[in-house]
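Hi everyone, thanks for coming. Please have a look at the sequence and the model on the screen, and then I'll walk you through it.

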Amino acid sequence: MVHKPSSPIVVENPWERLSAFTDARIGLGRAGVSLPTSKLLAFQLAHAQAQDAVHCPLDVESLASELTQALGLSDPPLPLHSHAQDRATYLQRPDYGRRLNDKSREQLQQAAASQQRYDLAVVVVDGLSALAVQQNSAPFLSVLYQTLANDATDWELAPLTIVEQGRVAIGDEIGALLNADAVLVMIGERPGLSSPDSLGLYMTWAPEPGLKDDRRNCISNVRPAGLQVEEAARRFFLLLKEARQLKLSGVKLKDRSEDDVLEGESGAIGSTRNFLVAD
Amino acid sequence: MAQTYHTTVGSRSYRFASLAELMAKATPPRSGDRLAGVMAETAEERVVAQMVLAELPLTTFLNEALIPYEKDEITRLIMDDHNADAFAPIRHLTVGDFRNWLLSDHATSEVLTSVRAGITPEMAAAVSKLMRNQDLILVAKKCQVTTAFRNTIGLPGRLSTRLQPNHPTDDVTGIAASILDGLLYGSGDAVIGINPATDNVAQSVKLMRLMDEVIQKYQIPTQSCVLTHVTNTLEAIEQGAPVDLVFQSIGGTEATNRSFGFDLSTLAEAEAAAQSLNRGTVGRNVMYFETGQGSSLSADAHHGLDQQTCEARAYAVARKFNPLLVNTVVGFIGPEYLFDGKEITRAGLEDHFCGKLLGVPMGCDVCYTNHAEADQNDMDNLLTLLGVAGCNFIMGIPGSDDIMLNYQTTSFHDALYARRVLGLKAAPEFERWLADMQIFQDISTHRLNDQLPAAFANSLRHLPKEPRHGA
């Protein structure tokens, strides 16, 4: 049977221009009922980038020197490692990623031997995206350090640490060992197809090992195409000040902004008006 | 006093301290059981456990609760609702005999329906541990579970889809765009279901109204659901919101469900409230549940059970409340519970089998996260296997990419692939609508219309000229 010339191999979707209104992969067109080659490969590229983000190791040395320079540190950040020795173990044993290995624990105990108390310990953790940490740490911390320096109150900062194969909760052990009142964990979040570089911020007041999620506050999606570092630093600083005032963190510190109705980018408050039901 | 189990293979003797341990060690390998420390230590120990399990009478599970009756309301539900008359034809069987019986020509679709109420989740889980993937497919295919609200889901030869138009900021135009894309690819007969970006009552009501308006305007024989907490939906009903289906994530232990913030009485209240709205036209199944292996371990509420047995117990919760849809979100939880494509595939087939055997209208979110060792090929395989097994429904999302939940599931295209290659159709009422709306040129060969159907061409004229956001 001869293919009719009037019928194209790849059928474009007449509603393709709707893709201007969402990042969802709509209006992709089709070959028969299947994805056209170009759309298939675009997806494969995004998935490859997300997988690379999960599996590429953090370049601790270059990050440490970048942070030393950007923040004007007198001592370089302290490199630490979780109990998970490699990525495969890390992915299957979240419990290992939540605690330090013995060597790192000893290092911290030595560093904290002076018994000095700190207001805040900042802990940079690879998490599920080293890319996110590599890309966003220096820009975010530059703004945060400036904010803290400009504040009327003095903020005594613990030695900056960088952790490989770590999960969020590892910050609680580090904060406790460093005698810090609060800990900020900056961690690479689970990469999405369109967001392989997303950084998460977690804050705990009075950190100690064994705390659960309900004791932490989270600011998510810090990346160039998401939440900007200036806004992220502003929000974090507000949380930190409130935590210090109330001496707590987590659900009890929750702001009420989540009772709001999200309005997205189109439409008036509470309106469901959209092109599908316009008339 | 709980029994212990011993056996000897060659020169080695094996001891299993409890029924829970025996079940766990008989389970095909997966990372969540390793994480929980309940997995068999060697490949041999696993098969030995399966051999010991095969010899156990099914009645063992009626005499020995895996989680004590007085400690767990799911155990009480399982025991109190067990139907001895339905159980009578299989009462004499061991777990191993039960596998033979399920595969045999004695176990027709009618017979399987009639024994359902006599099968407990633990019996289903136990026999599944002895079954190969093809066994799970063959028996599940014989189990038919049909439900209805504005259309009929789960009829033989049908594969439905949940249209999942999620958006990271719940933008109404963005959501509407994904809904239209899905409808024009023939998706959405199981439900149009949104995971809200923000989980509160006001936001949920807004999204319910949005979907209700679309369904009414285009007279779509389908139902909508906002996947918010059951207590939020109850509040929405009180406010007079257009609620078709009530959603809740459920687990197989009372402690899991408490960590999710509900108990069985909450679900009973929700089912009654949604039914009182009388919004269904061809049926009264008003609940939509989601499950997934690993949720009990994740909530530290697994009582030392393996994750697949916990999962099967969740289906006892589901079947109590006559759901329209039950969805095992198999690869969402991550590699610490199901490590790779092989483990996800096995779990998907187990869940579908156990659910169907127990009479639950089982669908599957064939999915993975970017930190799992899985890719689109693994999803193609599981989708095809589940299509063969007679799975009630799968997800449909634009280009497989959920931009709100950051994971990958089956696309609108994928569903059409499965329908075409396996000769499956949409729910009958929805199929007629797709034909009437001229979304398909020829619905019998799954040939889509190259042109924009008239009703929708008109709607596109109402598009704003410029998107308000920067994308």
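Predicted model: local features only at pLDDT ≥ 70, side-chain atom pairs only at ≥ 80, totals over all residues.

Let's begin with a word we'll need: two residues are in contact if their C-beta atoms, placed from the backbone, lie within 7 Å.

Residues are numbered from 1 along each chain as its sequence is written, while chains are lettered from A and ligands numbered from 1 in the order in which they are written.

Helices (H or I, at least four residues) and strands (E, at least two) are DSSP runs, numbered from the N terminus.

Now chain A as a whole. Its secondary structure comes to eight helices and eight strands. Six strands form an open sheet in the order β3-β5-β4-β6-β7-β8 (chain A), with mixed pairing; strands pair if DSSP finds at least two bridges between them. Why do β3 (78–81) and β8 (216–222) of chain A each have one side without a neighbour in the sheet? They stand at the edges, each with a single partner strand, so nothing in the sheet flanks that side.

Inside the sheet, β4 (residues 118–125) and β5 (residues 161–164) of chain A run parallel and are joined by three bridges. In this part of the sheet, A:V125 stands opposite A:V163 in β5(A). Across β3 and β5 of chain A lies helix α2 (residues 60–71) of chain A, at about 165 degrees to β5(A). For such angles, axes are lines fitted to C-alpha atoms, for helices over the stretch in contact, and angles run from 0 to 180 degrees between N-to-C directions.

On to the inside. A residue is buried if 20 or more other C-beta atoms lie within 10 Å of its own, exposed if 12 or fewer, and partly exposed in between, with C-beta atoms placed from the backbone. Of the 279 residues in chain A, 44% are buried. A nonpolar core is a set of buried Ala, Val, Leu, Ile, Met, Phe, Trp, Tyr and Cys residues joined through C-beta atoms within 7 Å. The largest one has 150 residues, and B:V246, B:Y288 and B:I394 touch the most other members. Apart from it lies another core, of 59 residues, including A:F43 and A:L193.

Most residues other than glycine have a negative phi. Yet A:K247, in the segment after α8 (229–246) of chain A, has a positive phi of about 55 degrees. B:S400, in the loop between β12 (393–396) and β13 (401–402) of chain B, has one of about 70 degrees. Buried or exposed, what are A:K247 and B:S400? A:K247 is exposed, with 10 other C-beta atoms within 10 Å, whereas B:S400 is buried, with 25.
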